[in-house]
Amino acid sequence: MSEPIRVLQVVTYMGRGGLETMLMNYYRNIDRDKVQFDFLTHRDERWDYDDEIESLGGKIYHLPKLNPFSKSYLNALDKFFKEHKEYQIVHCHQDCLSGVVLKVAKKNGVRFTIAHSHNANQDKNLKYLIKVFEKRKIPKYADKLFACGDEAGRWMFNTDDFEVLNNAIDTDLYAYNKEKADKVKKEFGIENKFVVGHVGRFNPQKNHEFLIDVFNEIQKVKEDSVLMLVGDGDLRPEIEQKVRDLGLSDKVIFTGIRSDVNDLMQGMDVFLFPSLYEGLPVTMVEAQASGLKCIISEKVPLECKMTENVVVVKLEESPQNWAKEVLKYEKYERQNTKEEIVKANFDIKANAKYLQEFYLNKC
């Protein structure tokens, strides 16, 4: 049997974020006798998916933090590609800075380069102008442009010449199951509670401050409600403090990073997602596959709507109005929506086969 082709996935790190979860969904479902993933990361620490990657036969390499102005970083990147001529396909997930990596890859003879957009905007911080400048270079060095959705592709690449690669999931894992739902509620001691849920990194994009304000208004109306926040991130201590200041500590569950998001979603009753911007979030695919009613902001692309369970509320609306919308679905009858997700082409099996054949054809 011939050796599989090895595709280099370039990421920041392999924690349990949306981008990383999407990659792992594909990695688990490709035929690894034909295509193998390796990962070039930009952090020294080990992360959540590293053990699984290595168990599946993947290699993990480490570089310093990506800095387009750092000579030492660019030298390290150049050295890596000089020493690893085995990679003829490089698939880069560095958003606005993907061109930095792909330029050096091309210089060192990589045959086929891919840039992949996972967001339709960026945080408006000190790095924003640099990122907006750098993203213009991506089409020059990428042979193929992928995006999680139309808005993410147009924003990142300033062209319509890209292809949407769906943030597909294993729909069997997420299909609604009442027994699982009851088990999760029992685990957390929240039987007979109205559970508002959210999955996402604690960063500005996910708008946790506003989310807590909304839940505070829900609590004023329905005292037997709880909020389940799944994930971790830099802003978590700040959000935990806000919860304490509002006297909600016994009503908000911080689960941290979990490997069983599919089960946790069974125990939620409504999914709340007031993001400031998104590409096409894998969590919205997961939530809908779980049969959850999803209350989202207008900044989340409507491309994510695969079921009738998605309700859009504008961020300019008050927390009270958001709370009213959430409480409308306190007693809605949850259904198994797996077939709707499959019909929308977000089941991982077909998508992984497509990506596998795409890689093989390029070699």
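This note covers a helix crossing, aromatic pairs and charges over rings.

1. The model is predicted: local features need pLDDT of at least 70, side-chain atom pairs count only at pLDDT 80 or more, and totals for chains, interfaces and linings use all residues. Residues are numbered from 1 along each chain as its sequence is written, and side-chain values use heavy atoms, with hydrogens and water left out.

2. Helix α1 (residues 18-29) and helix α16 (residues 348-362) cross at roughly 80°, their axes coming within 9 Å. That makes α1 roughly perpendicular to α16 (65 to 115 degrees). Asn25, Tyr26 and Asn29 of α1 make the contact with Ile348, Lys349, Asn351, Ala352 and Leu355 of α16 (heavy atoms within 4.5 Å).

3. The structure has 18 aromatic pairs (ring centres of Phe, Tyr and Trp, its six-membered ring, within 6.5 Å). Tyr61 and Phe80 pair edge-to-face, at 5.1 Å centre to centre and 70° between the planes (over 60 degrees counts as edge-to-face). Tyr61 is in strand β3 (residues 60-62) and Phe80 in helix α3 (residues 71-83), 19 residues apart. Tyr61 counts as buried because its relative accessibility is 16% (the cut-off is under 20% relative accessible area, with a 1.4 Å probe and protein chains only). Phe80 is buried too, at 6%.

4. Phe210 and Trp322 form another edge-to-face pair: 5.4 Å centre to centre, 85° between the planes. Phe210 sits in helix α10 (residues 208-221) and Trp322 in helix α14 (residues 319-327), 112 residues apart. Both Phe210 and Trp322 are buried.

5. Lys135 lies over the face of Trp155, 4.5 Å from the ring centre (NZ of Lys within 6 Å of the centre and within 35 degrees of the ring normal). Lys293 lies over the face of Tyr332, at 5.6 Å from the ring centre.

Terms used. Axes are lines fitted to C-alpha atoms, for helices over the stretch in contact, and angles run from 0 to 180 degrees between N-to-C directions. Helices (H or I, at least four residues) and strands (E, at least two) are DSSP runs, numbered from the N terminus. Angles under 35 degrees count as roughly parallel, over 145 as roughly antiparallel, 65 to 115 as roughly perpendicular and the rest as oblique. Rings of Phe, Tyr and Trp (its six-membered ring) pair if their centres lie within 6.5 Å; planes under 30 degrees apart count as stacked, over 60 as edge-to-face and the rest as tilted. Buried means under 20% relative accessible area, exposed over 50%, partly exposed in between (1.4 Å probe, protein chains only).
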